[in-house]
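Thanks for coming. I have one structure to go through today, and I will keep to what can be read from the coordinates.

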Amino acid sequence: MAENFIVPSQTFHGLGVFSKLGTITGKRALIVTGQGSMQRSGYVEKAINILSGNGFEVNVFDGVESDPSIETVMDGFNVMMHFQPDWIIGLGGCSAIDAAKAMWVFYEYPDTKFEDIIPPFTIKPLRKKARFIAIPSTSGTGTEATCVSVITDRKKGTKYPLVSYELCPDIAIVDGELCRSMPPHVTANTGLDALTHALEAYVTPFADAYTDSLAERSFADIFEALPVAVKNGNNLEARQKMHDASCLAGMSFSNALLGIVHSLAHQVGGMFGVPHGRANAILLPNVIRFNSITSERKYKKLAELIGEDSSESLACRIEKLRQHVNVDPSFKAFGISENEWINKLHAMAEHAMRDACTGCNPRPPSLDDMKEILHACYHGTILGK
């Protein structure tokens, strides 16, 4: 159990709260985004207009790709060094916000090397030059409320979760209207990512009354709202419920941390390009089965929120939800060749053992355990059978 509880200083939530961007004061704001839905839907232009109307000089870095790379982070850092913003605004999906967080670190400490900040909690105090606003357009990572930024090393084919309480945004703006443009498959992937956050945070050694209450509410709301949001993206009530649930799960895991679903998903995503939430959804039921030896009581408590009575019935119910929102039941079904999988299996397991999330798993895994879980999830079989 942690002795402190870290959340953004302000969290605006509800339909239409994007306008709260107009409440900040300063001189220069840099918007970090991608070239997708936030551009097409006009939210980048809206942000510029709101900030300009409030006396800001505004610049936009729109070069963030999906699963942002170290190279992209350094490109954004160079823009920041030239522009010297006092506010950094991550606008869009988790990639944009995570990239902006990492850029922020280098902006504050230009002599830092990427390798210096890979070990958890090694980032020095921020906010000497700028403060941070996160405005998510997807309901998944909860990065608007977390102490995490996930950056991809393309050369090594792995993802690094940068972990530090310094990375928690100053302001989160959680407006479900921004999610309207998310297609069904992205809604499903990101929603199952949020579900994984709630479940993993609930069983770590750092879970407590604060993190559990957030995880429980997020878990129950996702089971209710995700199928609705996938079926009808214009249902703004479901969109806002998913957006809030994602943020609540983010607050929970930012304090309780995560486990080996994420350790393994980081490797599968980095090596095979599987969308993060999809990888989590394929891994989650079997990791529940692996962890049930130490965490049956807590899984049972979550299961009861959705009318189930055990860790196994919970795992099965997640598999049904996964199927309902059209997510693959295995990595083989996703399209990864068996030869490629076998060739990279040992490296994935080995890298996952070193992932920052592994140390917080409720049941410490061995290298062979990691391989066994990956093997079962490749074929879509039940762990141990």
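I will go through a helix, a strand, the salt bridges, the cysteines and a surface patch. One caution before that: this is a predicted model.

Start with helix α2, residues 43–53. Which of its residues are buried? They are Tyr43, Val44, Ala47 and Leu51. Looking down the axis of α2, these buried residues fall within an arc of 105°, so they line one face of the helix. The face turned away from that buried side carries the exposed residues Glu45 and Gly53. As for what lies over the buried residues of α2, the cover includes β2 (28–32), α1 (37–40), β3 (57–61) and β4 (87–92). Just after α2, glycine 55 has a positive phi of about 90°.

From β2, take valine 32. Valine 32 is buried, with a relative accessible area of 0%. Its C-alpha atom is separated by 6.1 Å from that of valine 60, which is 28 residues apart from it along the chain. Apart from neighbours within four places in sequence, valine 32 is in contact with a list of residues including Phe61, Val64, Met80, Ile88, Leu91 and Met103.

Next, the salt bridges. How many are there? The count comes to 13.

Aspartate 170 is buried, at 11% relative accessible area, while arginine 127 counts as partly exposed at 29%. Arg127 and Asp170 also belong to a network of salt bridges with Glu166.

The next pair sits within helix α6: arginine 217 and aspartate 221 are about one helical turn apart, because four residues separate them. Their salt bridge has an N to O distance of 2.8 Å. Arginine 217 is exposed, with a relative accessible area of 51%, whereas aspartate 221 is buried at 10%.

The last pair is arginine 278 with aspartate 328, again a salt bridge, at 2.8 Å from N to O. Here too distant parts of the chain are linked: arginine 278 is in helix α9 (residues 276–305), and aspartate 328 is in the loop between α10 (311–324) and α11 (331–334), 50 residues apart. Both count as buried, arginine 278 at 11% and aspartate 328 at 17%.

Back to α6, for serine 218. Is serine 218 buried or exposed? It counts as buried, at 0% relative accessibility. Not counting residues up to four places away in sequence, serine 218 touches Ala198, Ala245, Leu248 and Ala249.

On to the cysteines. The structure holds zero disulfides. For cysteine 247, the nearest cysteine sulfur is that of cysteine 168, 9.1 Å away. For cysteine 357, it is that of cysteine 360, 7.2 Å away. Cysteine 247 is buried, at 4% relative accessible area, and cysteine 357 is buried too, at 9%.

Finally, the surface. Phe5, Val7 and Tyr210 form a nonpolar patch there, with about 280 Å² of accessible area together. Tyrosine 210 lies in α6, residues 209–231, and is exposed at a relative accessible area of 56%.

That is the end of my list.

Conventions
Residues are numbered from 1 along each chain as its sequence is written. This is a predicted model: local features need pLDDT of at least 70, side-chain atom pairs count only at pLDDT 80 or more; totals for chains, interfaces and linings use all residues. Side-chain values use heavy atoms; hydrogens and water are left out. Patches are made of residues with over 30% relative accessible area and no salt bridge: like charges are joined within 9 Å, nonpolar side chains (Val, Leu, Ile, Met, Phe, Trp, Tyr) within 5 Å. Accessible areas come from the Shrake-Rupley method with a 1.4 Å probe; for residues, only the protein chains shown count as cover. A salt bridge is a side-chain nitrogen of Lys or Arg within 4 Å of a carboxyl oxygen of Asp or Glu. Helices (H or I, at least four residues) and strands (E, at least two) are DSSP runs, numbered from the N terminus. Buried means under 20% relative accessible area, exposed over 50%, partly exposed in between (1.4 Å probe, protein chains only). A disulfide is a pair of cysteine sulfur atoms within 2.5 Å. The arc is that of the directions from the helix axis to the C-beta atoms. Contact means heavy atoms within 4.5 Å.
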